[in-house]
There are 2 protein chains.
Amino acid sequence: MDRASRAYVSDHVSTATDGVAGKRPRRSADETRAEILNTAEALFRSHGYASVTIADIAAELGMSPANVFKHFRTKSSLVDAIATRSIEKTLQVLKTLDGKAPASQRLFTLAHDLMQSHLKKIEEAPYIFEMILVTVREELDCGERFQEIMIETISQIIQAGVDEGTYFVVDVDRFAQAAFNALACVIHPVMIANEKADILATRCREVVALIDAALRSPLAK
Amino acid sequence: MDRASRAYVSDHVSTATDGVAGKRPRRSADETRAEILNTAEALFRSHGYASVTIADIAAELGMSPANVFKHFRTKSSLVDAIATRSIEKTLQVLKTLDGKAPASQRLFTLAHDLMQSHLKKIEEAPYIFEMILVTVREELDCGERFQEIMIETISQIIQAGVDEGTYFVVDVDRFAQAAFNALACVIHPVMIANEKADILATRCREVVALIDAALRSPLAK
């Protein structure tokens, strides 16, 4: 990355410029970590993931690369941390879901809202798609964290449906896992990033209807 | 690509060396096209997709780049053609499926055999994964061709289940589309490339069971 680009980013990352000139205030490890992530995210956003190095991030922060390395040894581990942070934020969506709606409605809202949230993020920052491919290619931990929380949430919805008397599933956790996998076509960023909005809307409705029909079937185990 | 690499590839692509020294026999456009695809595929395989240029492919074939451009204007269009050829071959698998087995068994075999076929290809040639990401990122036509044939095949299986009296679906085509989407987690190369074999085996069984339960439900429309 050249000097002009760095100057541009400097103007757009407040955390990198709020020390007194030449003297950085002492920070806790957590603060430093968050600062590195903010700066890395801003650099990836403006320059693309591939063209930014750890040295660029360190220079932007006025840190030594060794200091950045203490927190993140590779660019992948940075991506993992950025993605995990973003996933945690996305999953806040789940907490706002209406717990009193019928289970089938909640399942649709869950899939639909997550899909929309992913689409919005990808639209706002196209570099995110490249980062997602990194998380897929390198099997980063963030994917597992997402899966864990999603399956737990789907299990709760299915259990509510069983309690309501509309769903007939015995092994709720196993079914929730299958439902999560079936939903990959509408919630996995790679599956939706380049798809048209109307196609995705239909896809989401139809796949949730399929899962719902299976849940209502007395044959579901 | 350097000269030594080119010499290596020359030894491994028979189609590039079967002319009389210095004089290439005249070929039909279709033959030239196939020859370009074979050579491009071999070069991608040995050097990775990103590092091979159209000029490299032309040099390897002893053609002018302009001649290659006449057939393929971009590297993406080459990937599209290579992927389409590979998909057509994979889909031959479908023809060998036992049409007399019960519909639910056929659905499982379809998903399972396709998943295995994709895994085998990715294992044989890791560069394929990178090419797949290109097809996803650039929305190449090959994906649509695959989808079309798959939905047709799934429709036939569902219709057979309806005729058998085990499935209760009215809008077979619409349901086949939803089933195809739900199966993305086991047949889309990006979804399976880095996943462990036992996890995939379970995932395939459970997702097909989910689809099967939905198809057996009198509520499925």
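This is a short tour of a predicted two-chain model, stop by stop.

Before you click anything, note that residues count from 1 along each chain as its sequence is written, and chains are lettered from A in the order in which they are written. Local features here need pLDDT of at least 70, side-chain atom pairs count only at pLDDT 80 or more, while totals for chains, interfaces and linings use all residues, and side-chain values use heavy atoms, with hydrogens and water left out.

**Stop 1: chain A on its own**

Select chain A and colour it by secondary structure. You'll find 12 helices and zero strands; helices are DSSP runs of H or I with at least four residues, strands are runs of E with at least two, and both are numbered from the N terminus. Chain A has 221 residues, and 48% of them count as buried (under 20% relative accessible area, with a 1.4 Å probe and protein chains only). Now think about contacts, meaning heavy atoms within 4.5 Å. Among those in chain A between residues at least 6 apart in sequence, 71% join residues at least 24 apart.

**Stop 2: H6 and H8 in chain A**

Select residues 103-124 and 141-164 of chain A, which are helices H6 and H8. Their axes come within 8 Å and cross at roughly 155°. The axes are lines fitted to C-alpha atoms over the stretch in contact, with angles running from 0 to 180 degrees between N-to-C directions. H6(A) and H8(A) are therefore roughly antiparallel, a label for angles over 145 degrees. Show side chains: among those in contact are A:Leu107, A:Leu110 and A:Leu114 from H6(A), and A:Met150, A:Ile154 and A:Ile157 from H8(A). The contact residues split into nine nonpolar, three polar and two charged.

**Stop 3: H6 and H12 in chain B**

Hop over to chain B and pick H6 (residues 103-124) with H12 (residues 197-216). These axes come within 10 Å and cross at roughly 150°, so H6(B) and H12(B) are roughly antiparallel as well. On the H6(B) side, look for residues including B:Phe108, B:His112 and B:Met115; facing them in H12(B) are residues including B:Cys204, B:Arg205 and B:Val208. This contact divides into 11 nonpolar, two polar and three charged residues.

**Stop 4: both chains together**

How values were computed:
Parallel < 35°, antiparallel > 145°, perpendicular 65-115°, else oblique. Nonpolar A, V, L, I, M, F, W, Y, C, P; charged D, E, K, R; others polar. Buried < 20%, exposed > 50% of the residue type's maximum accessible area, 1.4 Å probe, protein only.
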